[in-house]
Amino acid sequence: MKKIAVFASGTGTNFDAIQRAIENKELNAEIALVVVDKKTAKVIEKARNKGIETYVFSYKDFENKAECEKEIVRRCKAAGVEWIALAGYMRIITHVLLDAFPNRIINIHPALLPSFKGAHGIEDAYNYGCKVMGVTIHYVNEEMDAGKIIAQRAFDVPENATLETVEAMIHQIEHVLYPETLQKLLGE
Ligand code: GRF
């Protein structure tokens with residue numbers, strides 16, 4: 001059974017979806033650690049309710065980012081983590097983490113990359129007037145939302161869709177695509 005870490009900064013609906021897929025035996029893996037850089041993030045409670053180990057920290061508790069990432073690497077290795085899935089983790093990862101897990105860190109982005117990178121992908125695509133929107137899963141590198149694409153899923157934006165409608169559609173796709181993609185990758 002492959003051990004994964006989920007890194008998150010917020011609500012953790014993707015964490016939920018991954019954990020649900022594991023419980024339903026659609027994803028053959030175990031979330032060994034949830035790494036959270038925000039002490040108020042809702043995902044912390046969700047992980048603890050499932051009895052999953054969490055590492056909650058604040059970057060400002062460290063001298064610099066490298067020191068912080070060294071500690072993250074140590075925690076991941078200690079938990080036996082082989083793959084890292086970023087799910088709403090609002091930080092750029094540096095070479096310290098990337099070198100410790102080469103080609104083993106992936107991210108989910110709520111837009112069709114390379115368009116609409118950044119923290120407001122859904123809103124940006126919606127405001128641009130896109131008629132097709134979607135989700136991307138990609139390898140992580142030192143540039144934001146720029147690593148090699150692993151999977152994408154698109155949908156036609158319904159006529160007169162509100163931002164809330166497309167957000168819901170994006171999240172629905174994410175919650176299917178992330179566990180599915182992890183299953184494919186981990187099986188390889
Ligand atoms: C998702 O939309 C993901 O694509 C983006 O951040 C959001 C995280 O949502 N990177 P959640 O915390 O998993 O609910």
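The radius of gyration used here is taken over C-alpha atoms, and the globule rule is 2.2 Å times the number of residues to the power 0.38. Keep in mind that this is a predicted model.

**Exercise 1.** Find out how the radius of gyration of the chain agrees with that of a compact globule.

*Solution.* Start with the length: the chain has 188 residues. For that length, the rule gives a compact globule a radius of gyration near 16 Å. The chain has 16 Å, so the value agrees with the rule.

**Exercise 2.** Describe the nonpolar interior of the chain.

*Solution.* First, take burial: 49% of the 188 residues count as buried, that is, under 20% relative accessible area. In soluble globular proteins, nonpolar side chains tend to be buried together. Next, look at the largest nonpolar core, which has 42 residues. I106 and Y178 are among those with the most contacts inside this core. Helix 6 (residues 163-187) gives the most to it, with nine residues. A second, separate core has 24 residues, including L33 and F57. Finally, zoom in on I106: leaving aside neighbours within four places in sequence, its contacts include W83, I137, Y178 and L182.

Definitions and conventions: Residues are numbered from 1 along each chain as its sequence is written. This is a predicted model: local features need pLDDT of at least 70, side-chain atom pairs count only at pLDDT 80 or more; totals for chains, interfaces and linings use all residues. Side-chain values use heavy atoms; hydrogens and water are left out. Buried means under 20% relative accessible area, exposed over 50%, partly exposed in between (1.4 Å probe, protein chains only). A nonpolar core is a set of buried Ala, Val, Leu, Ile, Met, Phe, Trp, Tyr and Cys residues joined through side-chain atoms within 4.5 Å. Helices (H or I, at least four residues) and strands (E, at least two) are DSSP runs, numbered from the N terminus. Contact means heavy atoms within 4.5 Å.
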